[in-house]
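Biologist: I would like to go through this model with you. Could we take it one question at a time?

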Amino acid sequence: FFRDARSFLGVYLAHRNQWDDNDDRIQVTAIDLHGLRRGELAGGLSWEAGFEALLLMGSTSRQRPEPDLDEASVLAAGAVARAVLAHAPSRVTLTMEAGLATGDNDRNDETMRQTSFHPDYRVGLILFRELLGGATARSADRLSDPANVAQAPHGTEHVPSNGAVHNTVYLWPRVAFRLLGDLQLQAGLLYAHAGADLIDPFTTTVRGGGSNRNFYDGPADGGDLGIETQLGARYDLELTQALRLQLAVQWAHLFVGAAFRSAGAPAPDEIDRVAGRLLLSWSYD
């Protein structure tokens, strides 16, 4: 990597060659490129722009679409780009973020193209963390239920997304500004579109006869995942020199997109989520 006071540019490479207890194997190379640049403008403006891009290549037998397939090749990618503009006099910060995680239209060929962000990288409050996280967990549970299938497909344990961003292209602009000292208000708008078919492995395998179906047994090619609006407030209070208290509340509303349309069964309506946080932190020299 190269780094100075205003810039960072680096590349990270890793190769993983692992055998599991059940003799499944993964041989994948990851190439990760990261860049960051920050600067200042006139009038109290400062800016920051950065990106991270990942390419995965290799093979694995952890997930095999066909029982007679020894392994599947892996070719997947993900990327995030973010720009931040801050105005110190008005204490306003604007953020624009865009992300990409590749999906896979054909789960029955020999190449796995879907990738996921780390679950700790949070994008929004509802779409990925709640709706898709819950839908993929339910799909895995139904696939492993002997009442539904005689034998769970190989790799069913990897179906849950754990709330991670996957199979999507998204835009996420946000604005934050401070009032009354340590009170910060935030607002955001998240739009996400599926990069490939939104496939439910259970309905596709058991009910669809192999044709792609979504989590509500509807067509999997809807594309539009939805629009999520977000509002939040945070207040930081310094109790002592070493003790700080943070109070926060967040609200989000999801307009569910056409990718979740159903075929007879009730699809999710608009979804609201409210979350609160109380954080007491202690620091010392």
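This is a predicted model: local features need pLDDT of at least 70, side-chain atom pairs count only at pLDDT 80 or more; totals for chains, interfaces and linings use all residues.

Biologist: What share of the contacts with a separation of 6 or more comes from residues 24 or more positions apart?

Modeller: The C-alpha trace spans about 65 × 45 × 35 Å along its principal axes. Buried residues make up 34% of the 285 residues. For contacts with a separation of 6 or more, the share from residues 24 or more positions apart is 62%.

Biologist: Which element gives the most to the largest nonpolar core?

Modeller: That core has 24 residues, and those with the most contacts inside it are L127, F128, Y170, L225 and F260. At least two residues each come from α1 (127-143), β8, β9 and β11. The top contributor, with five residues, is α1.

Biologist: How many residues are in the second, separate core?

Modeller: Its members include V28, A30, L56 and V74. The size of this core is five residues.

Biologist: Is the ring pair of F1 and F8 stacked or edge-to-face?

Modeller: The whole structure holds two aromatic pairs. In this one the ring centres are 5.5 Å apart and the planes sit at 20 degrees. Planes under 30 degrees apart count as stacked. So F1 and F8 are stacked.

Biologist: And F117 with Y121: stacked or edge-to-face?

Modeller: Their ring centres lie 6.0 Å apart, with the planes at 70 degrees. The cut-off for this class is over 60 degrees. The pair is therefore edge-to-face.

Biologist: Which element supplies the largest share of the lining of the second largest pocket?

Modeller: This pocket has a volume of about 570 Å³. Of its 25 lining residues, W172, R174, Q186, Q230 and Q250 are the closest to its centre. β6 (92-101), β8 (168-179), β9 (183-193), β10 (224-238) and β11 (243-256) each supply at least two. The largest share, five residues, comes from β10.

Biologist: How many residues of that lining are charged?

Modeller: By class, eleven are nonpolar and nine are polar. The charged residues number five.

Biologist: Is E40 buried or exposed?

Modeller: E40 is found in strand β3 (residues 25-40). Leaving aside neighbours within four places in sequence, E40 contacts R6, L45, S46 and W47. Exposed means over 50%. The relative accessible area of E40 is 64%, so E40 is exposed.

Biologist: What distance separates the C-alpha atoms of E40 and L75?

Modeller: The two residues are 35 residues apart along the chain. Their C-alpha atoms are separated by 39 Å.

Key: Residues are numbered from 1 along each chain as its sequence is written. Side-chain values use heavy atoms; hydrogens and water are left out. Helices (H or I, at least four residues) and strands (E, at least two) are DSSP runs, numbered from the N terminus. Buried means under 20% relative accessible area, exposed over 50%, partly exposed in between (1.4 Å probe, protein chains only). Contact means heavy atoms within 4.5 Å. On a 1 Å grid over the protein atoms alone, a cavity is a set of points where a 1.4 Å probe fits but cannot get out, and a pocket is an open set with protein on both sides within 12 Å along at least five of seven lines; lining residues have an atom within 4 Å of a point. Grid points are joined across faces, edges and corners, and a volume is the space filled by probe spheres set on the points. Ala, Val, Leu, Ile, Met, Phe, Trp, Tyr, Cys and Pro count as nonpolar, Asp, Glu, Lys and Arg as charged, and the others, Gly among them, as polar. A nonpolar core is a set of buried Ala, Val, Leu, Ile, Met, Phe, Trp, Tyr and Cys residues joined through side-chain atoms within 4.5 Å. Rings of Phe, Tyr and Trp (its six-membered ring) pair if their centres lie within 6.5 Å; planes under 30 degrees apart count as stacked, over 60 as edge-to-face and the rest as tilted.
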